[in-house]
Amino acid sequence: MSLAKELDTVKSDAFRGRRKSSMFLNVLAFCNLLRDLGLSATLSRTIDVYRSLQFILVTNKQDFYSALKTNLISSREESQTFDQAFGLFWSFLFDPDQEPCGDEEDEQLDIDSPTKGQEQEPSKEEELSLEEWLKEKPDEETEEMEMASYSALEVLGQKDFSTFKAEEIRKIRKAIALIARRLVTKLSRRKVPDSKGRKLDLRRTMRKNIKYGGEMVELAKRRRKIKKVRLVLICDVSGSMDCYSSFLIEFMYGLQNELAGVETVVFSTRLTRVTNLLRGRDVAKALKEISHTVLDWSGGTNIGKCLSGFNDWIGKDILTPHTVVIILSDGWDRGDPVLLSDEMRRLKSNCYRLIWLNPLLGSANYQPLCQGMKSALPFVDYFLPVHNLDSLIRLGKVIKPLVNR
Amino acid sequence: MRDFKTSDDVLKALEECKYICDHPLATTIFLSLKMDKPLFLEGEAGVGKTEVAKVLAQVLDTKLIRLQCYEGLDVSTSLYEWNYPKQMLAIKMAEAHLEPKERVEQEIFSQEFLIQRPLLEAIQNEQGSPPVLLIDEIDRSDEEFEAFLLEVLSDFQITIPEIGTIKAKHKPSVVITSNRTREIRDALKRRCLYHWIEYPSFAKESQILLTKVPGIERDLADQICHFMQLVRQGDYLKRPGIAETLDWASALLYLSKDSLDPEALSDTVGCIFKYKEDLDRMEKEGLDSILDQVMKRCC
């Protein structure tokens, strides 16, 4: 991550003009700088920064660094941005030969990650590159998520995923993550308590029975509110499907990070459960790893056999009558059509809704004629395309009411 | 209650209780005590997040109240609940003695019939110094609980309709931990002091081992730490934390090993990795080659 990209929105004059002569104003200016960089340096947080400064020795740089940092960041990712901004901002103030305290600290701690240390060291070179960058126009790969993704939405929405170039893929990834997050933010709403539970709700029971003079006539019951697995994705990652699956998995990853109860399984020759692989990690890296382990073969796909494996091993544990299952495949099945339709029936009977996504559906003249698709279709509730961004948005709209019943 | 003047005091006090931490964490803890702000700790599993709260209670010589979060955690298990069976018994007994209605009502909605859950206990604590409240693995709870917690943490007061508002006389020190299986809302994080606990450096980990595992030799400790540092650079599903390091070290001691060898490693590899995929990967990379690298680093 280069500094130029991070400090994208901050203009030269603004940056230099921010630095004031007094400590008080400088801290304020620094908080404003962080706000411009996308950290949530709110007013209340800024006030807390000042509050914390009265407890420490401001001249002790280590303490000063830690105090500012702990007040102003709220995730590990923000920590990097903070370190870079801190190094830059305060190194102008302090003696230029002196290293900013943040780096001293980090060098002590991170003996084993030399690359990180380098990255955070605001050396002369980086100051120079800041100068260069200030004269330049903003980099193409700006970190401004929202703007990039909105334009991406407009331009790339209709485009088939398979025709994307490398840099477009990066943009679309961000857009997908954004859509997923928006979708779930709307999803989270308070649930109405269920009265068909197994446990007795004593509080409500007593209230209900006051009318009978305190004798227990009616029993009120309650159910523990547990979110079970609500969304399962079974993804074909063989051969031509690869590029589509990776986008869908990206989409699922976005959902999974915001919503409890999302499971992801991929298959080509065999099934692999990748939920844990995707959890809280770098998606691109995880995807590479998945394709590494799974893409050992590129003939046809035996969907029936894989579904049978799913029903036998994984489905039992995670499917409930409320689960929505999504299968992504082009339906080119080399296996036994009878087996496929049997397994589809089993799957259908164990879940709430079954969605089949087929990227081929995106082309106008596609008809589900191949044997595999034909034998699976009777059990499918929704048959949808998934070839471009618009179709992903459409998928989101279909999923939303299903998981939020 | 112990009074700390600087963050170094905190560092030393924690060290006395056998918790080795780095300076930023000590500063964060120091400020959280001074500013009465909750501490929000994130980090990989097994880097000692929960331990911070335990040691803090020890350092402050106060009670640790723990609230373990899980899906479906609600007000009646985290805050308070009326003891309904006891109330019903009391009513029946009052009926038998023909007691006046008002008195019965007053009686059954008193403290005696209230079951304290962790949050209420932390707020209502009146004797001694304010307790340490540990809200563990908040990422497992639902969003509704998070919103509710926000309310409690901002005022440290709880309203029970039948009794009234209970306000904390002394705010408890709050430690919230998260394993990051889902993102916690910014609103909650903003009310806290944030710190991400990294895996320890070699020097720090070796210091932890020597403090926490009695009877371990320096050589073995170094080998173990080099091994762990090496393994954490690899791409495993679940990289081992300090908890694993400590487990493994004591396992090796029980087997009376004073140095790492292939046999000892393959016997005890279950202490380090807890996923089949990780064990397979480890096997693929070759135990011998990893051990070779470890030995090279030791020399």
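Over which residues of chain A does pLDDT stay under 50, with 11 contacts beyond four places in sequence? That would be residues 186-193 of chain A, where pLDDT is the predictor's confidence in each residue, from 0 to 100, and a contact means heavy atoms within 4.5 Å.

This is a predicted model, so local features need pLDDT of at least 70, side-chain atom pairs count only at pLDDT 80 or more, and totals for chains, interfaces and linings use all residues. Residues are numbered from 1 along each chain as its sequence is written, chains are lettered from A and ligands numbered from 1 in the order in which they are written, and side-chain values use heavy atoms, leaving out hydrogens and water.

**View 1. Confidence along chain A.** Chain A has a mean pLDDT of 68, with 57% of its residues at 70 or more. Over residues 8-14 of chain A the value is below 50, and the model gives this stretch 16 contacts beyond near neighbours in sequence. Where pLDDT is low, the predicted coordinates should not be read in detail.

**View 2. Helix 11 of chain B.** Helix 11 covers residues 218-233 (helices are DSSP runs of H or I, at least four residues, numbered from the N terminus).

**View 3. Helix 12 of chain B.** Buried residues here include I242(B), W248(B) and L252(B). The buried residues of helix 12 pack against helix 10 (202-212), helix 11 and helix 13 (262-268) of chain B. After helix 12 comes S256(B), with a positive phi near 50 degrees.

Note on methods: Helix = DSSP H or I, 4+ residues; strand = E, 2+ residues; numbered from the N terminus. Expected span 1.5 Å × (residues − 1). Buried < 20%, exposed > 50% of the residue type's maximum accessible area, 1.4 Å probe, protein only.
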